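Hi everyone, thanks for coming. Have a look at it on the screen while I talk.

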Amino acid sequence: MLTVVRGEPMEYDLRHRYRCDLVPIPTGQRGADVIQGLTRRPKTLPSYYFYDQRGSELFEQICNLPEYYPTRTEQKILASAAPEIAALTGPCDLVELGSGSSRKTRLLLDAYSQLQGDCTYIPIDVSTTMLQTTALHLLADYPCLFIHALAGVYETALEHLPPSARARLLIFLGSTIGNLSPQEEGQFLRQIYLSLSPGDHFLLGVDLQKDIHVLTAAYNDSQGVTAAFNLNILRHLNHCFRGNFSLDRFTHWAFYNEELHQIEMHLVSLEYQVIQLLDLGLEVDLRAQETIRTEISRKFDVTLMAKQLDCHGLPVQRVWQDEQKWFALLLCKRV
Ligand SMILES: C[S@@+](CC[C@H](N)C(=O)[O-])C[C@H]1O[C@@H](n2cnc3c(N)ncnc32)[C@H](O)[C@@H]1O
């Protein structure tokens, strides 16, 4: 069951070109992943809880930090590759997972507007406020753009894609795929395959393995924005589930796990404490120095990723990389 989100009043033209459907997590499943993560050792939290309004704003700040190379590197690759991507796919509707501020997507919207005139864009994001704010800016800047936003988590939203008159290009940027474990990634690629039709395309941005110092600095910035972003997950959980996390009883910790090729972000409990999330009927205790892992960010080998996509019926048509080979964009065509 979808709910159409009513946001700020809009001018007629914008209302005519914009729709946002809320795709809720099914009742009974909401919070189940939080309970599961906090009742095992080591403790974990699902990383999509970072993204309330404040979390989305903090992520935008992270993208502008000098240490955080992924956004500007991917943006640079896209700036030169976008016209070629549009030429390779031909006319398309654009569907984007974890669209955020859609700042890099603008480069694709420019290319597809040139190619086909009007453009339909289906952004999917768990952050409803970010979806709405971004949509208003895009509609103002692109007079021939139609937006049908889906507010929810990927898995549920992908089951509610509106029908398309054109072929689809499904976009997943920012190396957000790195937040999934290898097992989750396999299930996710299977779902992508099933959401597309033969001949549709999938554009994936992945952060590549590189010098450990570059990686570590990107998640431990000198201004403390990443630390604030990490701690904000607790504030969001307090709000969602009537929790009693005290942010000053935790500290940010991020390191590169060389064996698993992944950055791990944790929150370290500074003392023994008992946490309650009343709406989930949950009480857990944390020892001093015990950690909650809030995010993994896997770093990839481009050849292995191409093989993995191929195994899932998404063979790679073309790869673009920056000069330092820090980041890659892979365009796949669904068989
Ligand atoms: C790392 S940011 C990337 C944003 C943007 N794509 C970029 O490349 O800069 C991840 C985005 O995905 C959204 N997100 C994270 N997990 C999600 C999930 N499970 N379902 C839907 N959206 C999710 C967040 O709200 C956020 O906007």
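Let's begin with Asn257, which has a relative accessibility of 17% and therefore counts as buried, since the cut-off for buried is under 20%. Before I go on, please keep in mind that this is a predicted model. Asn257 belongs to strand E9, which covers residues 250–257. What does the side chain of Asn257 touch? With Glu264, there is a side-chain to side-chain polar contact of 3.0 Å. A polar atom of the Asn257 side chain also lies 3.1 Å from the backbone nitrogen of Leu260.

If you follow the chain from there, you come to His261, in the loop between E9 and strand E10, residues 262–269. His261 is not a glycine, and yet its phi is positive, about 55°. To put that into context, most residues other than glycine have a negative phi. His261 has a relative accessibility of 34%, so we call this residue partly exposed.

There is another residue of this kind to look at. Ser175 is not a glycine either, and has a positive phi of about 55°. You'll find Ser175 in the loop between strand E7 (167–172) and helix H8 (182–195). Is Ser175 buried or exposed? Its relative accessible area is 5%, so Ser175 is buried.

While we're on the backbone, here is a peptide bond to notice. Arg41 and Pro42 are joined by a cis peptide bond, with omega at about 0°. As a general point, most peptide bonds are trans. Pro42 is in the loop between helix H2 (32–38) and strand E3 (43–44).

Now to the ligand. How many residues surround the ligand? There are 16, and the closest are Tyr51, Gly98, Lys104, Asp125 and Tyr154. That shell divides into 7 nonpolar, 7 polar and 2 charged residues. Let's look at some individual distances. Lys104 has a polar side-chain atom 2.6 Å from an oxygen atom of the ligand. Val126 takes part through its backbone, where a polar atom is 3.2 Å from a ligand nitrogen. Gly174 has a backbone N or O atom 3.4 Å from a ligand oxygen. On its own the ligand would expose 590 Å², and 93% of that is buried by the protein.

Next, the aromatic rings. The model has 15 aromatic pairs. Let's pick Phe59 and Phe229: their ring centres are 6.3 Å apart and their planes are at 50°, so this pair is tilted. Phe59 sits in helix H3 (residues 53–63) and Phe229 in helix H10 (residues 225–241), so the pair ties together parts that are 170 residues apart in sequence. Phe229 is buried, at 3% relative accessibility, while Phe59, at 24%, is partly exposed. These two also belong to one aromatic cluster, along with Phe50, Tyr51, Tyr68 and Tyr219.

Which charged end sits over the ring of Tyr193? That is Arg334, at 3.8 Å from the ring centre.

Finally, back to helix H3 for Arg54. At 38% relative accessibility, Arg54 is partly exposed.

How values were computed
Residues numbered from 1 in each chain as written. Predicted model: local features only at pLDDT ≥ 70, side-chain atom pairs only at ≥ 80, totals over all residues. Heavy atoms only, no water. Near = heavy atom within 4 Å. Polar contact = N/O pair within 3.5 Å; in protein donor to acceptor, adjacent residues only side chain to side chain. Areas by Shrake-Rupley, 256 points an atom, 1.4 Å probe, with all protein chains shown as cover. Nonpolar A, V, L, I, M, F, W, Y, C, P; charged D, E, K, R; others polar. Phe/Tyr/Trp six-rings, centres within 6.5 Å; stacked < 30°, edge-to-face > 60°. Helix = DSSP H or I, 4+ residues; strand = E, 2+ residues; numbered from the N terminus. Buried < 20%, exposed > 50% of the residue type's maximum accessible area, 1.4 Å probe, protein only. Lys NZ or Arg CZ within 6 Å of the ring centre and 35° of its normal.
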